[in-house]
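Subject: Structure handover

Hello,

Please find the structure below, followed by notes on what was found in it.

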Amino acid sequence: MLQIGDEVVYFSVVFLLVVLVTRSATWATLLTAFLYIFMVMFRFPPVPADRAARVLRPGALSSGGGVPVVAHRGGSHDAPENTLAAIREASRNGATGVELDLSFTADGVPVLMHDETVDRTTNGSGPISKLQFVQLRRLNAAAHHRMKDRFNVEKVPTLQEAVEECIRHQLTIFFDVKGQPDMAVSVLHNMFKKFPELYNSSVVSSFEPKVIYKMRQTDPHVITALTHRPWRLSRFGDGTPRSLSTWSQLWTGVLDVLLDWAHHRVLWKLCGISAILVQKDFISRDYVQYWAERGVEVVGWTVNTAVEKEYYQNLLKISYMTDSLLEDCDPHY
């Protein structure tokens, strides 16, 4: 839960900043009071902690099997990503859950796809939003995978096909929503109604706070998580600037600082999240403790080497996502 000291500090800072800008204690008091009332009225309480714990730490800890391990995109190194084969392979290799990317075809069919285009993972080309489902279904999702000879032909699955496969293998699902919040929330809400077991075996996550807020608004019983990588707006995952313009780097850097502050001080509380998914290089024991004091579970991504996995399992003792459950593989940003 939010510490009392947190709220005192946050609203004191707001009050002082408004006083400095307006030079009016009255306006500062009114604005601070308005923000406080807004937070109280429009924030969502998190789902019960015991239910969230059962989903985020399924069985593994209680059975002494170590921390839960989530196959990122189904385990993109071990099988073609975001396919039914990947889900089956993840289960066979000992994953407790899978992270799957939700996307939509031109005719509104919810399917699994990470990129905006189908070029990287299939033998097709072009934006997925421009392809009809019948066109997408003709493509081979194993076409460019390093183990394409073993998996041969894999179709891009629908969301429902993937959910049914995960339920069959008793895997926790992390639904990753990247865009189209209204459509995504509506589809997921219907999926939860069709498969009620998802309430106790899945998490809806997104980089976009509006997705999570809308999901909680539509169905407050769904367990949710914010995904976060510091400096995401100004830099790519490997640290290189997104823009060569000095002014653009400065401006996006400022936005990054504000976004990071908002994630750690406001957004998590407003959305009532149960977990935060953070890029692995920014997680420490102090960071895990910070969130634990607020009742939020930390999940690291993407942990791809034996050394990193040992660090997460034995020192941090928290869940992590990986591209491979079998061997070391290239870093993912």
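Helices (H or I, at least four residues) and strands (E, at least two) are DSSP runs, numbered from the N terminus. This is a predicted model, in which local features need pLDDT of at least 70 and side-chain atom pairs count only at pLDDT 80 or more, while totals for chains, interfaces and linings use all residues. Residues are numbered from 1 along each chain as its sequence is written, and side-chain values use heavy atoms, with hydrogens and water left out.

Surface patch

V254 sits in helix α10 (residues 246-271). Its relative accessibility is 38%, so V254 counts as partly exposed. Buried means under 20% relative accessible area, exposed means over 50%, and partly exposed is in between (1.4 Å probe, protein chains only). V254 belongs to a nonpolar surface patch together with L233, W247, L250, W251, L255 and L258. The accessible area of the patch is about 750 Å² in total. Such areas come from the Shrake-Rupley method with a 1.4 Å probe, and for residues only the protein chains shown count as cover. Patches are made of residues with over 30% relative accessible area and no salt bridge; like charges are joined within 9 Å, and nonpolar side chains (Val, Leu, Ile, Met, Phe, Trp, Tyr) within 5 Å. A salt bridge is a side-chain nitrogen of Lys or Arg within 4 Å of a carboxyl oxygen of Asp or Glu.

S234 is in the loop between β6 and α10. With a relative accessible area of 6%, S234 is buried. S234 and W251 are 17 residues apart in sequence, and their C-alpha atoms are 8.3 Å apart in space. Leaving out residues up to four places away in sequence, S234 touches T240, P241, R242, Q249, T252, G253 and D256. Contact here means heavy atoms within 4.5 Å.

Strand β6

Strand β6 covers residues 224-228, and five of the five are buried, so the strand is largely enclosed by the rest of the structure. In a regular strand the side chains alternate between the two faces of the sheet. In β6, T224, L226 and H228 are buried on one side, and A225 and T227 on the other.

β6 pairs in the parallel sense with strand β5 (residues 202-206) over three bridges, and with strand β7 (residues 275-279) over four bridges, also parallel. Two strands pair if DSSP finds at least two bridges between them. A225 is the bridge partner of S205, and I276 in β7 is the bridge partner of L226.

Backbone details

A cis peptide bond joins W301 and T302, with omega about -15°. T302 is in the loop between β8 (297-301) and α12 (306-316). T302 counts as buried because its relative accessibility is 0%. Its contacts beyond four places in sequence are H72, K280, E308, M321, T322, D323 and H332.

N82, which is not a glycine, has a positive phi near 55°. N82 lies in the loop between β1 (69-72) and α4 (84-92) and is buried, at 3% relative accessible area. K317, also not a glycine, has a positive phi of about 55° and lies in the loop between α12 and β9 (320-322).

Regards
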